[in-house]
Amino acid sequence: MPRRAKKEQEATAVEAPSDDEPKAKRGKKGGAKPAEEPALYKDPQDKLETADGKPATLKITSWNVDGIRAWVKKNALEWVREEDPDVLCLQETKCAEKSLPAEVLDMPEFPHKFWACSDDKEGYSGVALLSKKKPINVTIGIGVEEHDKEGRVITAEFDDFFVVAAYVPNSGRGLVRLDYRETWDIAFRTFLKELQDRKPLVLCGDLNVAHQEIDLKNPKTNKNKTPGFTQRERDGFTELLKAGFVDSFRHLYPEVPYAYTFWTYMMNARAKNVGWRLDYFVLSEALLPKLCDNKVRSKVMGSDHCPITLLLAM
């Protein structure tokens, strides 16, 4: 997602300046009062069991790393080892398989590693799925040539469920790829529904949409003109949910604000928590009884996104 000069050419949902931002106010003697403290998200204590008391047995972590080689140099693997997920899904790796860092390739924690890279563009897009347990089967892409050139989807099949790691296309600056994004959404939804007919699934990754106004700091100044918050993109996500899927974070925390997963590098946005929730765990409805928690690790550094973690009682 491009947020600085040497980033890939795919544009991002960058926050526009907002009239909603707190401004310094002048006191009676003309002095400026300090701006209000930013509203930060506090990740609550992990829920380690389901509503009916079944303990969590599966942990999946998803993270848009904004370039895996740079991410490794920021000591992100130390946090991954502390989090200790069973499955780790990465997006925007921006690296050909031949150039992947040895620090990741050699991780003994994940003996099973799978990569999807762009066919045509080095340093563009890319996803990865790393697993402690060997999947029954792994596929790359969604089976549609038009959509499978950019390294955006890996699907791992396990005994009772699928994990789909995805990096959904951005609509681009000036919404130049909005029509393509809409075509992608339809094809991807069809792919997911066909998987779900076989067994339930967990979809995780950077889905490049803030579904509701609560999912970004400044909805008024971004509505219908900024990639990731057009009505067409939001409607596409709504249609996915109607197909038998659930946004697990909003299922657990329907009215919790400020839980963002992406912040532009500009304007000190992360410190101010001027962000977007673009990263999701979307579950088949059949998995809801197994849902323990969906964590937003907003304090974890290493990218312009933070990691998210799903806890299931499988």
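Strand 5 and strand 6 run antiparallel and are joined by 4 bridges. The model is predicted.

- An open sheet is formed by 6 strands, in the order 5-6-7-8-10-9, with mixed pairing.
- Strand 5 (137-140) and strand 9 are the edge strands, each pairing on one side only.
- On average, neighbouring strands of this sheet are turned by 15° against each other, direction ignored.
- Strands of a sheet pair through backbone hydrogen bonds, and the pairing is either parallel or antiparallel.

**Helices on the sheet**
- Helix 4 packs on the sheet and touches strand 6, strand 7, strand 8, strand 9 and strand 10. The direction of helix 4 makes about 170° with that of strand 7.
- Helix 6 also packs on the sheet, where it touches strand 8, strand 9 and strand 10. The direction of helix 6 makes about 125° with that of strand 9.

**Helix 4**
- The 19 residues of helix 4 should span 27 Å at 1.5 Å a residue, and the end C-alpha atoms are 26 Å apart, which agrees.
- Buried residues of helix 4 include Leu178, Trp184, Asp185, Phe188, Phe191 and Leu195.
- The buried residues of this helix pack against strand 6 (153-157), strand 7 (162-167), strand 8 (201-206), helix 6, strand 9 (245-247) and strand 10.

**Aromatic pairs**
- The whole structure holds 9 aromatic pairs.
- Phenylalanine 188 and phenylalanine 191 form a stacked pair, because their ring centres are 6.3 Å apart and their planes lie at 15°.
- These two residues, phenylalanine 188 and phenylalanine 191, are 3 residues apart in helix 4 (residues 178-196), so about one helical turn separates them.
- Phenylalanine 188 counts as buried at 5% relative accessibility, and phenylalanine 191 counts as buried at 11%.
- Phenylalanine 229 and tryptophan 276 have ring centres 6.3 Å apart and planes at 90°, so this pair is edge-to-face.
- Phenylalanine 229 lies in the loop between helix 5 (219-222) and helix 6 (231-242), and tryptophan 276 in the loop between helix 8 (269-272) and strand 10 (279-284), so their pair ties together parts 47 residues apart in sequence.
- Phenylalanine 229 and tryptophan 276 are both buried.
- Tyr41, Phe249 and Tyr253 are linked into a cluster by ring pairs.

**Charges over rings**
- Arginine 152 has its charged end over the ring of tyrosine 167, 4.9 Å from the ring centre.
- Lysine 199 has its charged end over the ring of phenylalanine 162, 5.6 Å from the ring centre.

Conventions
Residues numbered from 1 in each chain as written. Predicted model: local features only at pLDDT ≥ 70, side-chain atom pairs only at ≥ 80, totals over all residues. Heavy atoms only, no water. Phe/Tyr/Trp six-rings, centres within 6.5 Å; stacked < 30°, edge-to-face > 60°. Buried < 20%, exposed > 50% of the residue type's maximum accessible area, 1.4 Å probe, protein only. Lys NZ or Arg CZ within 6 Å of the ring centre and 35° of its normal. Expected span 1.5 Å × (residues − 1). Contact = heavy atoms within 4.5 Å. Pairing = 2+ DSSP bridges. Axes fitted to C-alpha atoms, helices over the stretch in contact; angles between N-to-C directions.
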